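Hi everyone, thanks for coming. Let me put the structure up so that we can walk through it together.

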Amino acid sequence: MALRLPGRITVERASSATGLQPVEHEILGEMANSLGQAGRKVEQALAKLAEDEAGLEGEAREKRLRAVAAAVQAYFIQRELCGMRRHDDVIREMGIPRRVLARLGAR
């Protein structure tokens with residue numbers, strides 16, 4: 001999968017004479033790193049939900065679902081900042097439950 005930056009910041013347009021190319025490569029690296037961190041947080045939150053869900057009831061269960069939804073929402077925002085607008089494949093691959101998706105954006 002190719003990573004394409006939104007707007008005016010693209011590696012193809014950078015001129016080596018301006019010295020911007022190394023900076024843009026560093027920006028790409030930082031974007032990839034933050035996307036990876038957000039993805040790992042979602043995986044950890046989903047694993048914790050799966051192991052604790054049977055024992056959780058009421059407010060504790062709702063609190064855990066909201067925490068997972070917050071991690072998923074942060075991951076989706078990070079993906080969108082990287083130019084990845086569709087999340088269907090990620091939802092399917094990570095196994096994000098509908099009960100979590102229903103809470104995205106809710107406070």
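A search of the whole structure turns up seven salt bridges, meaning a side-chain nitrogen of Lys or Arg within 4 Å of a carboxyl oxygen of Asp or Glu. Before I go on, this is a predicted model: local features need pLDDT of at least 70, side-chain atom pairs count only at pLDDT 80 or more, and totals for chains, interfaces and linings use all residues. Residues are numbered from 1 along each chain as its sequence is written, and side-chain values use heavy atoms, with hydrogens and water left out.

One of these bridges joins Asp89 and Arg92, with the closest N and O atoms 2.4 Å apart. The two are three residues apart in helix H3 (residues 88-94), so about one helical turn separates them; helices here are DSSP runs of H or I, at least four residues, numbered from the N terminus. Arg92 is exposed at 57% relative accessibility, while Asp89 is partly exposed at 46%. For those words, buried is under 20% relative accessible area, exposed is over 50%, and partly exposed is in between, with a 1.4 Å probe and protein chains only. Bridges that share partners also link Lys48, Glu51, Asp52 and Arg64 into one network.

Now, where does Gln78 sit? Gln78 is in helix H2 (residues 58-81), and with 19% relative accessibility it counts as buried. Setting aside neighbours within four places in sequence, Gln78 contacts Met31, Ser34, Leu35 and Ala38, where contact means heavy atoms within 4.5 Å. Tyr75 and Phe76 are buried too.
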